[in-house]
Amino acid sequence: MSQKLLLIGALFAMCALPVFSQAIPKDTLVVGLDIGIIVDLEPARVYEDASNLVIWQIYDNLITFNGTFNVLSPGLAESWDASADGLTWTFHLRKGAKFHSGNEVTADAVVFSFTRALALNFAPIWMLKQYVPSSENIKKIDKYTVAITTTVPLSEGLMGAIMGVQGICSIIDPAVVAAHKTASDPWANKWLQFHDAGSGPYKLIEWAPNDRVIMQRFNDYWGGPAKTKNLIFLDIPEVEQQALSLESGSIDIALNLLPSAIEKFKTEKSFKVYEIPGWHIRYLAMNAGMKPFDNPLVREAVKYAIDYNAIVNGIVKGAAVIGETFIPVGIPGHLDATPYHKDIQKAKDLLAQAGYPNGFTTQILCTPTFPGRDIAIEVQQDLAAVGIKADVVQLVAAQMYTLYRAQKQEMIVADWGVDYASGDSLVKPFAHCCSTGPDAPVRQLAWRNMYSNCKLTALVDKTETELNEAKRLDMYKQIQQTILNDGPFAIMYYPLNQYAAKASVKGFVPMNSLSFVKFDGVYKE
Amino acid sequence: MISYIIRRLVWMIFVIFGVMTITFFLARVIPADPVAAVLPSNAPPEAIAKLRAEMGLDKPIWVQYGIYINGVLHGNLGTSIRTRQPVLNDLLRYFPATAELAVAASIIGIIIGITLGLLSAVKQGSILDHSGRVFSIWGLSMPAFFTGLMLVILFSHILHWFPQMGEMPSYLRRPPRVTGFLIMDTMIAGNWSLVLNELWHLALPAFTLGWLSTASIVRIMRSSMLEVLPEEYIKTARMKGLRESTVILKHALKNAMLPTITIMGLQVASLLNGAVLTETVFSWPGIGRYATASFLSIDFSAVVGVTIFMALLYSSANLIVDLLYGYLNPKIRYT
C-alpha cells in the first residue's frame, strides 16, 4: 500500500514540475545561434559571422550600413569627404558620442584604434592593409577630424566598405586599453578577448564560452538607447534543438534553421520567417591547369551539364536563389545573368567539339557534409548523363582546403564567403590571376583553379583605382561576364539566410550577411 | 596497499605519456592544416602563413614534440588555436559542467541499473524481467543524440515537464564563478530557487546519459545475482529464517556487486563518450562540446589535451575500481 502511495505521490510531483517559468521577460531578447567553432571577441582578430555579430553590437565603426549595402550610413563619423585625387579621406566625427566607459569618442581614439589593429597584425588585417598599410596613413586633424590616406585612389563605395568591416575597423576606447595593458601585452589583447571597450548600442556584460553572450543596452548611445534592455546570444549548436527552443519559447529568434523547419514556421501564425540571399557563393570549380579542363569548351560543357534547378529546389529545398555570377545579390555591382541551365545535347556537342566525344574520367572533391556532398553527387549524375565519369571524393574541410590551396584538385564543390561589402572583395579572388606559380600576388580561387588571364587581371587591377562609382560597377559586371563565359567556375547559387522569430518580435532587419545584423532596433510587443 | 597504489600511479604516468605521444603524432599525420580549418576558406595565404608561424606549426614535427613535452612538464598543455586560450584553462573551464552531468548521470544509471538488475534476477522470467531488459538494451542501442532529441520532444515539447536545453534558463545571468561548478556556485550565491531550477534543467540530459550505462549494469547485475542466488550460503541464510529482503540485500547483493563495480568503472569511459553527443543535443557547455569543436577544427593542442584528460580520468576510475574490490571482497589482496 505504502508503495502505491509513493508512486502516486511521485506522479503528482512530476505534474508539478514545471513550476519554473520558461517565459523570457519582455525586456530581454534571447537569440539562439550556433556560435560555432571559432570564438574570440578581440576586435582585431574576429573573422567570422558569430563573432562579427557580437562585435557589431558592442563597437561602432566610422560608417555603418542600415538595411542595405548600397548606401553608406554615418556611424561615428557624421560625414566624410575625399580629396580630388581620391587618396585622402577626411572623416568628421560626431560630437558627443561616448564609449561605454563614459569617455568621449575623439580623433585620438580613431587613430589609436587603427594603429592598434595594424600593430596586432592578425589574420583579417589584410582587408585594411591592402589600402592603408601603416599607422602613418592615419592622421588626427583636430579633436573631431581624422584624415586617412590610401595607397591607391579609392572610390567612396570601396572606402566605405572597408571602413565598415567589423573588428579591424571598429573604434576602441584607448583609455580602457591603457588600463588593462601589461608589459608583455601592450594592446590589452588578452583582456579584450573577453571584455569590451566599445561605443556600440550594447555593452558586453559576460561571455561564457559555449554557453551565452550577455549584453545590456548602453543608455548613452549616440543613436539613442536600444529598444530592448538585455540582449542574449545563446549558443545552440544543434539545429533541431534551435527549432524546438523557438517553438517552446525558450528563445525569441533562431538564426540557424534547416529549410524544413523554416517551412514549418512559415505556416504558423505565431512565428515570422525572414529570408534574404546571403553573402555566399556555392560553386563547382574545374582546375584549368589540368587536362581536359584547360579547354574552355569542356568547361562550358560542364556548365551546361549541371541541373541547377535540382540543386536549388531539390537538394537545398529552395533555401537559395540560383546565381551564376560571382558577386552575389545585395552587393553593388552584381551581374544578374543566369545563361546556363541543364542542356544535355548542348553539353555533348561541346564535348565532341572539344575532342572528347566519349567524355573522360575525373574526380570531384567535396566535404562529407550537407550540402557539399549532396551537390557533388548530383553533379556526378549530371556529368554521367553527358558521358563524363566523375568519382566523388569526400574529405573533411581542413583536408580538402589543404589540397585546394595547393592546386591539387581536378573538380571541387566549395563555397566562398564575402569579406566586405564591395565587389572588390570578389573580383580579386575570382578573377585575379596572371601567373599560376607561387609568385602570384593573389593566390585565391582563380589561382587555385589555375585560370590565368592576364588581360582580365589587368582589368581587375584597374577597378581598384576607378573613382567613378558607376564605371567601377560596370567593370565588375564586365569581369563577371568574362568569368561566366570562360572561367573555371560553375556557380550554382547564393544560399538564403533564413531566420525565424516569434511574431511578437518587431524591428528585426535581416542583412545579406549575418555579421551586419543590428539588434538595437529589435523589441518585443 | 600504499606501495600498490604508488606502483599503479607510476604505471598511469607511462600510460598517459604513451597516449599523449600517440595522439600528438596521429593528429599531425592527418594531411590537413588546422590553420586552414580555423581561418575562413577565403583567408589569403599570407594570413595562413602568419597564423601557422604564430602557433609554431612551421617547425619540424620533432621540434614541435620537444616543445610540447617541455610544456607539459611545466604544466602547460599548449594553446588552443581555436579559442586562443591555454588548453589547461579551457579544460578546467569546461570540466565542471561535464562533471555535474556525469555525476548525475551515474547516479541515475546506477540506481536504475541495480534496481532493475536485482528485480530481474529475483523475478526471473517475469514481465518485469523482460521489460527491464528491453528498457536497458534500448538505452544502449540508441545513440545519445537520438535518445536526447526524443526525450526533448516527449518531455519538454509535448508534456512540458522539463526544459529543452542548457544548464539554466536562457535569459538569466550565471552566478559569480567560484568553484566553476554551476550548481555549487549557485548555492554559494544563495540563490536556492535557481539551484532547483538547475537541477530541473539537469534532469533530461542526465537521464539521457544515464540510460546509456543502465544497460550493462542491468545485465551484469542480473547475471551475477543469478550466479549468487543458488549458492549454499544463500540457502543457509534462508534456512536461518532471515527475511527474504535481508537475504537478497545483505547477503546476495554484496557479492553480486563485485562484477557490477567493474562495469560501473568502465562506464566512466562510455559516459565521457556519451557526453560528447549529449552535450551537443542539450547545448550543455561541457568538455564534450569542447572536444567536438576541437576535433572538427583539428585543434592539435586541444585534441591532445582532451585525450590526456580523458585518459587520466579513465585510469583514475580504473584504480578506484580496483581499490573498491578490496573493500567488497576482503579475499583480494594488493601485492
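Trainee: What percentage of the residues of chain B count as buried?

Mentor: This is a predicted model, where local features need pLDDT of at least 70, side-chain atom pairs count only at pLDDT 80 or more, and totals for chains, interfaces and linings use all residues. Residues are numbered from 1 along each chain as its sequence is written, chains are lettered from A and ligands numbered from 1 in the order written, and side-chain values use heavy atoms, without hydrogens and water. Buried means under 20% relative accessible area, with a 1.4 Å probe and protein chains only. Of the 335 residues of chain B, the buried share is 53%.

Trainee: What area is buried between chain A and chain B?

Mentor: Buried area is the accessible area (1.4 Å probe) that two parts lose on being put together, summed over both. Carbon and sulfur atoms give 58% of it here. The total is about 5100 Å².

Trainee: Which side chain of chain B meets A:D211 in a salt bridge?

Mentor: A salt bridge needs a side-chain nitrogen of Lys or Arg within 4 Å of a carboxyl oxygen of Asp or Glu. The rule finds three across this interface of chain A and chain B. In one of them, at 2.6 Å from N to O, the partner of A:D211 is B:R174.

Note on methods
Buried means under 20% relative accessible area, exposed over 50%, partly exposed in between (1.4 Å probe, protein chains only).
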